[in-house]
Amino acid sequence: RRKYRDLMLGLALLCAVLALMRWPQESMAAARDGLALCGNVIIPSLFPFFVLSSLVVELGMSRYLGRLLEGVMAPLFRVGGACSSALALGFVGGYPVGARTAIALYENGQCSKTEAERLLAFCNNSGPAFILGVVGTGIFASSRAGLLLYLAHIAASLCVGLLFRFYRPGEGPRPGRHAAPQFQAASFPVAFTHSITGALSSTLNICAFVLFFTVVIRMLFLSGVMGALAGGAAQRLITGLLELSSGVSSLTGAGTVTGRLSMAAFMLGWAGLSVHCQVLAFLGDSGLSLRTYLTGKLLHGGLSALFTALLVRR
């Protein structure tokens with residue numbers, strides 16, 4: 001099995017080299033498009049939230065939130081109250097702020113491994129600016145469509161959280177963990193400088209994946225591979241499975257409104273392989289389960305599409 005895997009990987013790399021040699025100008029244009037996306041959208045939207053999420057965890061503010069919200073997070077999602085910071089930042093900041101915050105909480109000892117894995121399954125969500133602005137107003141030319149997609153996105157995320165409370169049911173939040181919180185767990189100068197440098201590093205990692213997948217998708221179209229694999233709606237779906245921004249951008253034009261909105265909802269819930277690679281980079285050697293995270297995102301996509309279809313028909 002390893003021999004065949006290595007053979008397929010070698011052939012894929014060879015085809016990638018040949019594609020870059022065959023379409024050098026087009027690959028450069030795709031990379032420039034990716035850089036424009038990073039400069040205009042990714043960096044301005046994510047960098048401030050990365051700094052904020054890091055400060056919330058390192059300064060101990062999440063422990064205070066834990067004391068306030070333990071009575072909500074524990075019975076609903078079977079996670080400690082400190083995890084509410086990851087959920088809130090995930091809804092506001094967009095991918096992958098929630099996932100990065102959940103991993104930081106685990107690495108700082110503010111939640112257990114099981115709690116972190118439950119949290120990863122439903123806290124890595126799209127931000128309102130992307131859904132309402134880019135998808136709703138930009139793609140569908142309708143603020144109502146954007147609001148509908150965002151409501152379905154939030155509802156599906158919370159439903160996934162409720163389902164994952166049964167993941168490893170014998171393990172729950174540890175009582176008494178937030179009995180004596182300390183606001184400045186780290187000195188502010190240290191936390192501030194670490195947050196800035198860490199946020200920049202995380203943002204650059206994300207931009208690298210966005211650039212890579214932008215070029216890959218362009219090469220797949222130019223080589224005819226995408227056309228051979230699928231056509232029409234299926235081609236749009238495959239694009240969205242790989243990279244979210246490119247997938248939702250392809251939903252203009254033909255097709256029913258219900259179908260296009262449901263497909264957009266699925267793409268937003270699934271988030272795309274590019275986002276998953278970003279989360280994988282944050283996971284590193286943490287030992288947290290990637291399979292649990294991917295299962296949650298697949299459920300999120302399916303439920304988002306279902307809720308969107310039901311809301312459109314009302």
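## The second largest pocket

Start with α2 (24-58): this helix gives the most to the lining of the second largest pocket, with six residues. Keep in mind as you look around that the model is predicted. The pocket holds about 420 Å³ of space, and 24 residues line it.

Besides α2, the elements that give two or more residues to its lining are α4 (84-93), α7 (128-139), α9, α12 (244-249) and α14 (273-283).

What is this lining made of, by class? The residues divide into 15 nonpolar, eight polar and one charged.

## The largest pocket

Now for the largest pocket, with about 480 Å³ of space. Its lining is made up of 15 residues. To spot the centre, go to A12, A16, V216, M219 and L220, the lining residues that lie nearest to it.

Which helix gives the most here? That's α9, with six residues in the lining of the largest pocket. α9 runs over 188-222, and along with α1 (2-22) it supplies at least two residues of this lining.

By class, the lining of the largest pocket has 14 nonpolar residues and one polar residue, with no charged ones.

## A helix to follow

How values were computed. Residues numbered from 1 in each chain as written. Predicted model: local features only at pLDDT ≥ 70, side-chain atom pairs only at ≥ 80, totals over all residues. Heavy atoms only, no water. 1 Å grid on protein atoms, 1.4 Å probe; cavity = no way out; pocket = protein on both sides within 12 Å on 5 of 7 lines; lining within 4 Å. Points joined across faces, edges and corners; volume = space filled by probe spheres on them. Helix = DSSP H or I, 4+ residues; strand = E, 2+ residues; numbered from the N terminus. Nonpolar A, V, L, I, M, F, W, Y, C, P; charged D, E, K, R; others polar.
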